[in-house]
Structures are given as C-alpha cells and as structure tokens.
Amino acid sequence: MKLKIALLPGDGIGPEVAAQAVACLQAVEEAFGHQFEFVEAPVGAIAIDKTGNPLPDDTLALCKASDAVLFGAIGDPKYDNDPSAKVRPEQGLLRLRKELGLFSNIRPVKVFPTLIEKSPLRENRISGTDFVIYRELTGGIYFGEKFLSEDGNTASDLCIYTEPEISRIAHLAFKAAKTRRNKLTLVDKANVLESSRLWRKVVTRIGESYPEVELNYLFVDNAAMQLILNPSQFDVILTENMFGDILSDEGSVIGGSIGLLPSASVGDESAMFEPIHGSYPQATGKNIANPIASILSAAMLLDHFGLDEEAAAVVRAVNKALKNNMVTSDLDANSKYGTDDVGHFIASHISDSDDFRGLNKENIGLGKSTII
Ligand code: IPM
Ligand code: MG
C-alpha cells in the first residue's frame, strides 16, 4: 500500500517520540513491502516562532493532501503561563481538528498485563480493564463562542451541540461496541446541562437501531469515580469533547503511564494519529520520554487503513519491549534506556520470526537485539 503521511512533530517531546513512530512505520514498510512517504511540517509553538501562526497555511494544505496525519505533541509553558497571549499553540491543533473534520477521537485504554504493578491502582481493581473512549472532538465548549468583557473581568465559553454532531459519533461508537462487548456508556451531565439532555435524547434514539448493544448512562462526576473504582465495567464510553479530554487523562493512569496511550481522530475524509499526552516540556531534548503512545498511534494508523497484520506486529513488538523491561524511566525509575533505545528495540522486532512469517530468525530475543 502507498500512503502519504503528513508528519507534524510539534512541540516539546513531540519530535522525539514521533521520530520513533516513524522508525516503526519504516520497519513495517520494509517487512511488509509498503511505501510510506513522510512529509514534515511545523505546527504549534514552533510554528508560531517560525511564522507567527500555530497552523501555517502550508501545513494545513499538506494535511488535506495527505492520507493521514501523524502528530507529535503541542504546547509550550511560555504560553501556558501567559493568559493574555493572543496566539496559542493549542489553537493550531484545534483548528486542524476542525478543518480536517476530525469529529471522532478514539482513545483505547487497556492494561498491559506486564505493567499491572506499575499502576497506582491495586491489581484486583484494574485487571481486565479494556475500554475505549469515543470523544466528540470538533464541538462543545472547545468551539462555542468565547467572550471576554472589555474590563477583562467577565468571561464565558459556550457549550453548544447539534443533533447531527451527536448522531454521527454515536453511530461510530455503537458500531465499535458491536465489534467488542456490546456495551456503551454515555457520559454526560444531564441532571444540569441542556446540551447533555440533547445527547441523551439523540443517543437513546440511535440506540434503538442497535438492540444488541446495552446502553447505560452515567453522570460525568460518577464516571470519574467509577473509572477508579471499577474500570473493567466499561466497554465503549461515548462522551462530549471536554468530558472526554478529562476522562481520558484519568483513564491513562490506570495502565501505569500516560506515556502509553495512543489515539486516532477520524472524520469522513481525514484521519490523524497522536499520543494523548502533551508536550512534556521538562523532558524535551533529554531522550527520556516514553515513545510507546506515539508508536501505538502509528499502529492505529495501520489499523485504520485495514493493515491489521501490520498493526498487530507493532503491538507485539511493543509487548516484547514491555516484557523485557525495555522501557523509559516513567515505567522503571532505574531504567537506563532512552526514548531512542525503546523505539529502536520496537522497530527492530517488528519482523520477528517467533511471531511473524519466519523472517529474521537470528534476531529473536533480547540477547540478540541490535541494541544490546
Ligand atoms: C488532548 C489535549 C488537547 C485537548 C489540548 C492540547 C488542546 O489535551 O488532545 O487531549 O484538550 O484536546
Ligand atoms: Mg487532553
């Protein structure tokens, strides 16, 4: 398969982790005979420094002309600490999501058995956790009208949703539930918010055409608690933009590190793949960031194009790294392995013969990996 991939490394650790995702995709190219063309472009704080615009026109045009976007991370403390900044890196990401019509953000949360003891939660609470969050990504409070009074003392952000915005992602979430354990939980705040009551109405109606899927409802405050108390009860969680942002960060620690969670953002025409973590500025340039979320995002990219075997090979190589404790220091404080070591290990095990077609027999096992 031929794919043109727009590579947007972005800020902070973005370039370091995205480079490892690219290395893994290149290993897939070689092992499976595909052709992936990567074209890099600036976005975020780095693009503001270069052009004054967090999403330069050329970057947007490249993304529109590509089959997929591979995204690193966005954000810079110099803007976080300046509430009066008029131009902000995050505007680049939000505009990109809107312009590409990426209305559905898919964030799988799974506990890797090898990492269970790294979780801040007890093993008996989290074992068996395997759910996916469908987060609406181009509506709600993120995109509603913003207001700041002239004296600067009053501000508001409008949370607005329409029926079509809810129904298009609801269909995707119900379809996903059908391929999983047939359970969908709508998370909202329908006891308080009018927009949540619209979500309930629309999702309940759509649910009638998916009779095999059990539909539940949870208020977001309760959902935040249930995620910690009993995460394995969830299969598909469907929710609006900001609740999904918050709950997915919460969900990410169940598995031991936010550095593990990938995401896919899809629309009718475009798709973008990015780790759920931020730009982790304190780690920038130190070669300590965990590249696994970015690499698993690349696996979601492969999956999106129907390259299941290829995606599975990447996931297997990631599992091999975790099993062999080839991890960065977020997962093992004593680890001496850097971002590039972990990425290189995973890339070099993608075509392993013990789990794939008999190639590279001599490379099996940690002892003979190229970086040991
Ligand atoms: C995410 C991030 C973004 C969001 C930020 C960087 C704008 O937190 O993708 O979860 O809030 O959507
Ligand atoms: Mg977030």
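By a cavity I mean, on a 1 Å grid over the protein atoms alone, a set of points where a 1.4 Å probe fits but cannot get out, with lining residues having an atom within 4 Å of a point. Grid points are joined across faces, edges and corners, and a volume is the space filled by probe spheres set on the points. This is a predicted model, in which local features need pLDDT of at least 70 and side-chain atom pairs count only at pLDDT 80 or more, while totals for chains, interfaces and linings use all residues. Residues are numbered from 1 along each chain as its sequence is written, and side-chain values use heavy atoms, with hydrogens and water left out.

The count comes to 1 cavity of 30 Å³ or more, and the largest cavity has a volume of about 40 Å³. Its lining includes Cys159, Trp199, Glu240 and Phe243, and α8 (194–207) and β8 (183–188), named from DSSP runs (helices H or I, at least four residues; strands E, at least two), each supply at least two residues of that lining. The largest share, 3 residues, comes from α8.

Turning to the domains, whose bounds come from an automatic or database assignment, we have domain 1 (1–108 + 257–372) and domain 2 (120–255). The contact, meaning heavy atoms within 4.5 Å, takes 17 residues from domain 1 and 19 residues from domain 2. Their centres, taken over C-alpha atoms, are separated by 25 Å.

Note on methods: Chains are lettered from A and ligands numbered from 1 in the order in which they are written. On a 1 Å grid over the protein atoms alone, a cavity is a set of points where a 1.4 Å probe fits but cannot get out, and a pocket is an open set with protein on both sides within 12 Å along at least five of seven lines; lining residues have an atom within 4 Å of a point.
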